[in-house]
Amino acid sequence: MSVQDRTDTAATSRPERPARRRRKLGRFVLPTYSWLVIAYLVFPIALMIIYSFNRVVGGLQQVSFSWNGFTTQWYRQWSNVPGLTSSFWLSIRLALVSTLIATVLGTLLAIALVRYRSNKFRGKVAVEQVLFLNIAAPEIVMGASLLGLFVTFNVARGFLTLVLAHVMFSIAYVTVTVRARLSGFDRSLEEAAYDLGANPLTTFRLVTLPLIMPGVLAGALMAFALSIDDFVTSNFVSGTAPPFPVWVYGATRVGIPPQVFVFGTFIFMVGIAFAVMSIVLSRKKS
Amino acid sequence: MDESVLTDHPRRVTPRRRGGWGKRLAPYLLSLPAGLWLVLLFIVPLAVMLVQSLETCSPATGLCTMTWSWGELPHQVNLYHQQFITSLLFAAAATVIDLVIAFPIAYWIAFYGGHRKNFFLIMLLVPFFVSFVIRTIVWEFILSNNGIVLTFLTRNHLVPSGFHVLGTSYAVVAGLAYNYLPFTALPLYVAIERIDRRVLDAAHDLYANRTSAFRRVILPLAMPGIFAAFLLTFIPAFGDYLNQEILGGVSNTMIGTVIQNSFLVNFDYAGGASLSVVLLAVSLLGIWLYARLLGTSTINEYL
């Protein structure tokens, strides 16, 4: 408190010009600039949403960026492109399955990393380095090396290989996210549960899990987002049935059906809804 | 920060010993499933890739045989060194642009964001809610010859009529810079947010002007964030090929395209694996430098 007081008195006696200039920078220049950057970030997305309502002229049902008039046709006919629809459902199934697995495995690993110091957990440093490497390594190398593995061991590419790959690149993110929330965990609550006669499993179910749940959910959301948006790895390890981003990539060569923007808008809206929900929840708690 | 310090403290309540073996095995049992998954599907594939780079593939039959020759590595590097250089330059350009664009906004959100910090952070993350592929396609439309930007510019005679962006290196760098901007902004924000405002006040009290306060206080304290931003932007941009394939032309191929084509089009697994090994080696150098400067645990704090 005394330090705070001292700096406050010092602050009042500081020369005025730099202070005023700083305030001006904060009040006008920086906000304007920041809003411009945000506009730049949002601009392509706004364009995608607007052009999902664009009429198509001519025989081919492809997106074009000349405005031909407003229509909700593509929303009514959202499932008219069979390959696109099935790739979307494949992506959803894939994201759900890989999120479930990656969240469980990543959470267990995070618990091990937070609970045990390296004298009790030999290899902890190695595990941390592998996680770091997994996050930092270029995705194309991971995708290409997975393809090499599957080809070498004659694993047919399909849903299974996609799940294997997606869990692989999600685990590290889940672990890191869960671990960040876990580090403030009060172990004495668990001790209390043991003192009251709960066995380890009951303690985990009734005490540990509810406490770490926000972190686990954040990790799961992260894994889901990573999976549903993954292109690079999926492009290597998917078979004849591609997930959504890979299908869209393939379509860039022959023309993109307008429904792609409908799905894009839908995924965007769901993502924003989740983000807003997490903000509201965190605000309620604090 | 405070929380991690707390966990490192000796426990206030000494836990009772429950079960000898179970207790001792617990960390290994907890980390076994994830560890196994990562070893089998992350480490082993990298090893397989290294072995594959020593094979020789016949372009006619697509069959690869083990020849234990290291020749493929220099051979491929020789063939595609230009693409490596292009990738390095594009990734470096995009990273520098992103750092310059992101620093002021990260600074503003951290210092002036107030209660709307979360809102602004979500705004920074907004691109992530749209598929990477779709984002890039939209950029293709934006930059195309009859797209919004160029139509406006040519109509107002701001650029000559034959002017085009799509297919050039500028388009690729623009796409990379857009797609990875959030990866730069977030670590910067985390680092700047941690700077104690009083340190800055102290600098001003000691008659530092804005420039020197920035240079000697903010910049050094934001350095970890800059490194994290570099890692999270440069490495993925270096291996990126989608932006180049959609926005670039034939003259500015990046190494990612070559690797993808080796594996998926030409079925030259030895060649593709060799290039991947080189790409990984170059990336590892950057990662290693990062780890030496900041330690591997810092990545947790910047995600």
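Trainee: Which domains does the domain assignment of chain B give?

Mentor: Domain bounds come from an automatic or database domain assignment. For chain B the assignment gives domain 1 (1–52) and domain 2 (70–302). The centres of domain 1 of chain B and domain 2 of chain B, taken over C-alpha atoms, are separated by 32 Å. The model is predicted: local features need pLDDT of at least 70, side-chain atom pairs count only at pLDDT 80 or more, and totals for chains, interfaces and linings use all residues. Residues are numbered from 1 along each chain as its sequence is written, while chains are lettered from A and ligands numbered from 1 in the order in which they are written.

Trainee: How many helices and strands are there in chain A?

Mentor: Helices (H or I, at least four residues) and strands (E, at least two) are DSSP runs, numbered from the N terminus. Chain A has 12 helices and zero strands.

Trainee: What span should helix 5 of chain A have?

Mentor: The expected span of a helix is 1.5 Å times one less than its number of residues. Helix 5 (residues 124–136) of chain A has 13 residues and should span 18 Å, which agrees with the 18 Å between its end C-alpha atoms. Helix 9 (residues 200–229) of chain A has 30 residues, but its end C-alpha atoms are only 38 Å apart, short of the 44 Å that a straight helix would reach.

Trainee: Where in helix 9 of chain A does a kink lie?

Mentor: The bend at a residue is the angle between axes fitted to the seven residues ending there and the seven starting there. In helix 9 of chain A, a kink of about 55° lies at Met213(A), shortly before the proline Pro214(A).

Trainee: Does Pro220(B) count as buried or exposed?

Mentor: A residue is buried if 20 or more other C-beta atoms lie within 10 Å of its own, exposed if 12 or fewer, and partly exposed in between, with C-beta atoms placed from the backbone. Pro220(B) counts as exposed because it has 10 C-beta neighbours inside 10 Å. Pro220(B) lies in helix 9 (residues 210–239) of chain B. In chain A, 42% of the 286 residues count as buried. Buried residues in helix 5 of chain A include Val127(A), Leu131(A) and Phe132(A).

Trainee: Which residues touch the most other members of the largest nonpolar core?

Mentor: A nonpolar core is a set of buried Ala, Val, Leu, Ile, Met, Phe, Trp, Tyr and Cys residues joined through C-beta atoms within 7 Å. The largest such core has 165 residues, of which Ala106(B), Leu188(B) and Leu231(B) touch the most other members. Helix 7 (residues 169–193) of chain B gives the most to this core, with 16 residues.

Trainee: How many residues does the contact take from chain B and from chain A?

Mentor: Two residues are in contact if their C-beta atoms, placed from the backbone, lie within 7 Å. The contact takes 85 residues from chain B and 88 residues from chain A. On the side of chain B that touches chain A, helix 2 (residues 20–52) of chain B supplies the largest share, 17 residues.

Trainee: What is the phi of Asn154(A)?

Mentor: Most residues other than glycine have a negative phi. Asn154(A) has a phi near 55°, a positive value in a residue other than glycine. Asn154(A) is found in the loop between helix 6 (139–152) and helix 7 (159–182) of chain A. With 6 C-beta neighbours inside 10 Å, Asn154(A) counts as exposed. Phe267(B) also has a positive phi, near 50°. Phe267(B) counts as partly exposed because it has 18 C-beta neighbours inside 10 Å.
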